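Here is a walk through a protein structure, written for someone seeing it for the first time. Keep the picture open as you read.

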Amino acid sequence: MTAPTLHEPAVRTIDQLIEAVCTGSYGPDPAQERIALAFTTAQAVRHAGRSSGYRNEVLSLRLDAAVGSCAVEPGALPAAALDDCVGASVAELLAHPMLPVRVAALDAYLSRVRPHTPDHGARPYALPAGSSLHRSRARARAVVDLLPVTGIRRVLVIGVVNSLLEQLRERGAGYVPCDLKGGTTEWGEPVRTDALAELEHCDAVLASGMTLGNGTFQPLLDHAGATGKPLVMFAQTGSAVLPRFLGAGVSAVSAEPYPFFWLDGGPGVIHRYGGTR
């Protein structure tokens, strides 16, 4: 399928994207757009049959029919952040001192003006109903399919998700797991904590949208833009933000806006941009 030609402002940093939003390049004045609802979602998961689990916490902001999100370290978000957000304008939150608030506000605004629809370049991908592990594996197939079929020997995976690693193993692709939390994978492999140190040793990067919220996205984008290496983003955080960087370093995006696939067992959909399949 040929993606439609979109006329998007050329941006190479989050700050440039925020400036483009604030100067009206995406339509509605963000000073007139107000957040109606702010909430957090906390998750602890250990899939059946897996030896380890993890915790997540996500800040979400409701703007009209859209919801924008940004993951934070569990317990790191002060309760006052929700009070700061609700009733505030998008423009005010784009200048908030907390980066996750700025990212969530930017995601909410872009989710409203650039929803995940085919006329904005998105390709829907159906996720089946089932257990959390069943759905996690289905999502992993959708994400890994966005990598090039050939020419990839070693993938840097930033934000370790065991189902993604499982997919790479099944396809015979090498990988380097990396996560700021460290630890080991389901298969006992050490998880590296310095992603930038591994970039030169990998042919492609598979990275979580959480890199937007912890400030580590820009070096990945710069490296991919300079080298031409595939940079595939899987995003609950900033799902509407990351497609704006297609062609500027990001090669493909798996966008997963709220409600996230792990919240229930019913059928769902994610939205894919770019890639070769």
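Predicted model: local features only at pLDDT ≥ 70, side-chain atom pairs only at ≥ 80, totals over all residues.

Let's start with helix packing. Two packed helices are described by the angle between their axes and the distance between the axes. Take α1, which covers residues 14-22, and α4, which covers residues 99-113. Their axes come within 11 Å and cross at roughly 50°. An angle between 35 and 65 degrees falls in the oblique class, so α1 and α4 are oblique to each other. The crossing of this pair is left-handed. Who does the touching? From α1 come Ile 14, Leu 17, Ile 18 and Val 21, and they meet Leu 106, Tyr 109 and Leu 110 of α4. Sort the residues of this α1 and α4 contact by class and you get 7 nonpolar, no polar and no charged.

On the α5 side, the contact includes Leu 133, Ser 136, Arg 137 and Ala 140, while the α6 side includes Ser 163, Leu 164 and Glu 166. What classes of residue make up this contact of α5 with α6? There are 6 nonpolar, 3 polar and 3 charged residues.

The side chains of Arg 137 and Glu 166 meet in a salt bridge, with 2.8 Å from N to O. Glu 166 has 15%, and because buried means under 20%, Glu 166 counts as buried.

Stay with α6 for a moment. This helix is mostly covered, with 7 of its 9 residues buried. Among the buried residues of α6 are Asn 162, Leu 164, Leu 165 and Leu 168. What do the buried residues of α6 pack against? They pack against α5, β5, β6 (174-178), β7 and β8 (231-235). After α6 comes Gly 172, whose phi is positive, near 75°.

Back to salt bridges. How many are there in the whole structure? A search finds 11. One of them joins Asp 203 and Arg 153, whose closest N and O atoms are 3.7 Å apart. This pair also links distant parts of the chain: Asp 203 sits in the loop between α7 (195-198) and β7 (204-208), Arg 153 sits in the loop between α5 and β5 (154-158), and the two are 50 residues apart. Arg 153 is exposed, with a relative accessible area of 67%.

Another salt bridge brings together the side chains of Arg 192 and Glu 198, at 3.0 Å from N to O. Arg 192 is partly exposed at 35% relative accessible area, whereas Glu 198 is buried at 12%. Elsewhere, salt bridges that share partners join Glu 33, Asp 64 and Arg 112 into one network.

Asp 64 has something else going on. Although Asp 64 is not a glycine, its phi is positive, about 55°. You'll find Asp 64 in the loop between β2 (54-63) and β3.

Next, look at Val 72, which belongs to strand β3 (residues 66-72). Its relative accessible area is 9%, so Val 72 is buried. Which residues does Val 72 contact, leaving aside its neighbours within four places in sequence? The answer is Glu 57, Leu 77 and Pro 100. As for Leu 93, which is 21 residues away from Val 72 along the chain, the C-alpha atoms of the two are separated by 16 Å.

One last stop. Tyr 258 and Pro 259 are joined by a cis peptide bond, with omega about 5°. Pro 259 lies in the loop between β9 (252-255) and β10 (268-274).

Note on methods
Residues numbered from 1 in each chain as written. Heavy atoms only, no water. Salt bridge = Lys/Arg side-chain N within 4 Å of Asp/Glu carboxyl O. Buried < 20%, exposed > 50% of the residue type's maximum accessible area, 1.4 Å probe, protein only. Helix = DSSP H or I, 4+ residues; strand = E, 2+ residues; numbered from the N terminus. Contact = heavy atoms within 4.5 Å. Nonpolar A, V, L, I, M, F, W, Y, C, P; charged D, E, K, R; others polar. Axes fitted to C-alpha atoms, helices over the stretch in contact; angles between N-to-C directions. Parallel < 35°, antiparallel > 145°, perpendicular 65-115°, else oblique. Left-handed = near helix turned anticlockwise from the far one by under 90°.
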